[in-house]
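This report covers the nonpolar core, the aromatic pairs and the charges over rings in one structure.

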Amino acid sequence: MLDRVAKNADGYPPYNIEQTAENRLRITLAVAGFAMEDLQITQEDNQLVIRGRQRDDSEGRIFLHRGIAARQFQRAFVLAEGIEVEGAWLDNGLLHVDLQRPQPEVRVRTIQINGSGARSGASQGSAANASAARGVETRTVNGAPLPVVEGRASRG
């Protein structure tokens with residue numbers, strides 16, 4: 001259901017993809033240090049793009065060791081056709097994005113089956129009624145109307 005396209009060769013940020021129900025998935029990205037306003041999720045056609053950009057808040061601070069990098073990232077996931085993004089939330093440094101593949105609607109339509117005489121009988125009645133209304137005699141052979149040809153025949 002879901003293919004991924006890695007925009008970063010280094011694998012940052014790490015992520016999980018889990019199936020939460022039969023037609024539901026969840027993408028979870030480890031985005032420690034990012035606030036909600038630092039993250040952006042967009043869907044461009046069939047591609048889900050997650051971007052992160054931290055503000056540089058190191059002014060006035062002296063780091064003896066800086067192991068938590070304030071760097072930006074972009075992760076893109078190619079969604080299969082029909083996948084919808086249900087929502088996203090940030091919880092304890094983890095960004096969760098829920099996806100769903102809706103079930104197609106089951107449409108049931110009953111088709112009436114007519115017998116061979118039912119359709120032709122309806123048209124026979126209509127033709128006989130129309131002929132009677134015009135004052136034309138209708139003849140039948142074995143219940144089927146014969147075509148009536150009006151006019152004169154001439155020999156010559």
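## Burial and the model

A residue counts as buried when its relative accessible area is under 20%. By that cut-off Phe 34 and Phe 73 are both buried, and Tyr 12 is buried too. The model is predicted.

## Nonpolar core

The largest nonpolar core is made up of 16 residues. Leu 48, Ile 50, Phe 73 and Leu 99 have the most contacts inside it. Two or more residues of this core come from each of strand E3 (24-30), strand E5 (47-52), strand E6 (73-79) and strand E8 (94-100).

## Aromatic pairs

Three aromatic pairs turn up in a search of the whole structure. One of them joins Tyr 12 and Phe 73 edge-to-face, with 6.0 Å centre to centre and 90° between the planes. Tyr 12 belongs to the loop between strand E1 (2-5) and strand E2 (15-21), and Phe 73 to strand E6, so this pair ties together parts that are 61 residues apart in sequence.

Phe 73 also pairs with Phe 34: the ring centres are 5.3 Å apart and the planes are at 85°, so this pair is edge-to-face. Because Phe 34 is in the loop between E3 and strand E4 (39-44) while Phe 73 is in strand E6, the parts tied together here are 39 residues apart in sequence. Tyr 12, Phe 34 and Phe 73 make up one aromatic cluster.

## Charges over rings

Tyr 12 has the charged end of Arg 71 over its ring, 3.9 Å from the centre. Arg 66 lies over the face of Phe 63, at 4.6 Å from the ring centre.

Conventions:
Residues are numbered from 1 along each chain as its sequence is written. This is a predicted model: local features need pLDDT of at least 70, side-chain atom pairs count only at pLDDT 80 or more; totals for chains, interfaces and linings use all residues. Side-chain values use heavy atoms; hydrogens and water are left out. A nonpolar core is a set of buried Ala, Val, Leu, Ile, Met, Phe, Trp, Tyr and Cys residues joined through side-chain atoms within 4.5 Å. Buried means under 20% relative accessible area, exposed over 50%, partly exposed in between (1.4 Å probe, protein chains only). Helices (H or I, at least four residues) and strands (E, at least two) are DSSP runs, numbered from the N terminus. Rings of Phe, Tyr and Trp (its six-membered ring) pair if their centres lie within 6.5 Å; planes under 30 degrees apart count as stacked, over 60 as edge-to-face and the rest as tilted. A charge sits over a ring if NZ of Lys or CZ of Arg is within 6 Å of the ring centre and within 35 degrees of the ring normal.
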